[in-house]
Amino acid sequence: MIEILQNPDVSEWKVLQKRPSLDYSTLRSSVQGIMKNVKKEGDRALFQFALQFDKSSLTSLAVSPQEIKNATSAISPELDKAIHIAAENIRKFHSAQQEQSRFIETMPGVQCWRKSVAIDRVGLYIPGGSAPLFSTVLMLAIPAQIAGCKEIILCTPPDANGNVHPAILHAASVAGVSRIFKTGGAQAIAAMAYGTESIPKVDKIFGPGNQYVTCAKMLAQQEGTAIDMPAGPSEVLVIADRTSNPSFVAADLLSQAEHGSDSQVILLCTDKEWMMRCQEELLKQLNQLPRKELATASLSNSRFICFNTLQQCMAFSNSYAPEHLIIACEHAEELANEVRNAGSVFIGAYTPESAGDYASGTNHTLPTSGNAKAYSGVSLDSFIKKITFQKITRDGLQQLAMAIETMAQAEGLTAHKNAVSIRLNKYIA
C-alpha cells in the first residue's frame, strides 16, 4: 500500500517532490568510452556494439526499402488505421504552429522581421526492446517534415536477428522517413553526433532512451550537437477530488508507472476516503498488468498526498512541474487556468494521459525532472531556428544614429560608433 500523506507543510514539499535520480557519474566513463570508439572507428564500432549489446550480427546498418515494405505488410489493418489516425492528428496540430514572417517598422526607415528556417539535419532516436516506441516516430518525424528539415535520420536498435520492429518501420514510412539505421544505445547517439561512413552527422538529436542514451545526449550537447531537452524518468501528477472516478485515476497512474521502474506517479486529492478507494482500485488493476513488476517498482517512488483545498494541490503541482498533469476534479477547466509549470495538461474525466501519448495530436516528448519550469515539450519550433533580419534606409539610420553612437560611446566601443558615424559623414557630404 502507498502511504497517504495528510496536508504536509510547505517546508516538506521539496523532499516529497524528489525524483528517482540517475547517477551519471557511474555511467559517464562507460558512455564516453563508447562514444570515443564510435568517433574513432565509425561503422566498425557500430557493428561491434550491435553484436555486443543486441546480439545481432549485421552486414549493413541501413534499413533497405524492401525491409520497410515487408514491415508494412506485417502490420495488422487495425494498427495501420490507428497509426494513420494518430499521424493525421499530429500533423494537424503541428501544422497549425506554422508562423508567417511579420515585418515591423520600429521607427521610420527601420524595418525588422523574423524568419523561421528549418534545421538542416536532425537525428531521431527511437528505443526498441520490450516497448518499441513507434509512436515516438510520429511525434518527431512529422513536425520535422512540416518544418522542412532537409535530412531526417532515424536510429533504432535491431533485434537478435538483425531486424527492426515492423511497427517502427511502418510508422517511419507513414511519416515519410526512409533513412533508417540499425543502431541503438549510446553508440547511436555518438553516430549521429560525430557521423560515420553510413550515418551522417546531424545538427540536433531528438528522442527518449535509457540512462545510457540520456548520458550520451548530454555529452553530445557538451561537444556542440544540440539536443531536444534534458531528459529523465517519466512522470505524471493527478489532481482529484471526491467527484473523480477512482478507476479512471488508478488507470492513469498505472499507465505512467508501467513505463519503467524509475517512473514516478503522484496523486493529489482533497478527500482522504476517496484516495483510499482509489488506492484499492489501483492495486486491483496492477495485478492484471503484464508489466506488473515494473509498475510495482515505480509505485515505490510514488506519493499520495491529501490537501485541504484544490488550490493547495495546484500550488504543489506548479512547484513540482510535472511532465504530465491530469486535472480530473470538478471544475477542472477552471483550475487548469492556474497551471504555471507542466509539460502537457489533460483536463477532465475523459482525457487520459495516453491520449497525448498516442493520438490526440499533441506531442509526447516532454520535459521531465522539473524542467517544465523552463522548457517546453517538442513542437514545430524544436525543428526550426528563428533568424532576425533588419533593413535600414539612409534616413532611418540618421534617425537612429544618436542612440547607437551614444550607447557605443558609453560602452567604450569606438569602432561600433564609427560604423555609424562614417556612414553619416558620407551621407552629409
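Modeller: Let's start with the second largest pocket, which has a volume of about 220 Å³. The model is a predicted one: local features need pLDDT of at least 70, side-chain atom pairs count only at pLDDT 80 or more, and totals for chains, interfaces and linings use all residues. Residues are numbered from 1 along each chain as its sequence is written, and side-chain values use heavy atoms, with hydrogens and water left out.

A pocket here is an open set of points on a 1 Å grid over the protein atoms alone, where a 1.4 Å probe fits and protein lies on both sides within 12 Å along at least five of seven lines; a lining residue has an atom within 4 Å of a point. A volume is the space filled by probe spheres set on the points, which are joined across faces, edges and corners.

Among the residues lining this second pocket are Ser30, Ile34, Phe53, Asp54, Tyr125 and Pro157. Gly184, Gly185, Ala186, Gln187, Asn210 and Tyr212 belong to the lining too. Sorted by class, they make six nonpolar, five polar and one charged. In that scheme Ala, Val, Leu, Ile, Met, Phe, Trp, Tyr, Cys and Pro are nonpolar, Asp, Glu, Lys and Arg are charged, and the others, Gly among them, are polar.

Helix H2 (24-41), helix H3 (43-54) and helix H8 (185-194) each supply at least two lining residues. H8 gives the largest share, three residues. These names come from DSSP runs, numbered from the N terminus: helices are H or I with at least four residues, strands are E with at least two.

Next come two strands, E4 and E5. Strand E4 (residues 121-125) and E5 run parallel, joined by five bridges; two strands pair if DSSP finds at least two bridges between them. Leucine 124 has leucine 154 as its bridge partner in E5. Six of the six residues of strand E5 (residues 151-156) are buried, so E5 is largely enclosed by the rest of the structure. Buried means under 20% relative accessible area, with exposed over 50% and partly exposed in between (1.4 Å probe, protein chains only). In a regular strand the side chains alternate between the two faces of the sheet. You can follow this in E5: Glu151, Ile153 and Cys155 point one way, while Ile152, Leu154 and Thr156 point the other.

Now for the largest pocket, with a volume of about 1,300 Å³. It is lined by 47 residues, and Pro127, Leu133, Pro208, Gly209 and His259 are the closest to its centre. Its lining has 16 nonpolar, 23 polar and eight charged residues.

Strand E9 (residues 235-240) and strand E10 (residues 264-269) run parallel, joined by six bridges, while E9 and E12 pair in the parallel sense over four. E12 is covered on both faces: His324 and Ile326 are buried on one side, Leu325 and Ile327 on the other. Four bridges link E12 to E13, again parallel, and leucine 325 has valine 345 as its partner in E13.
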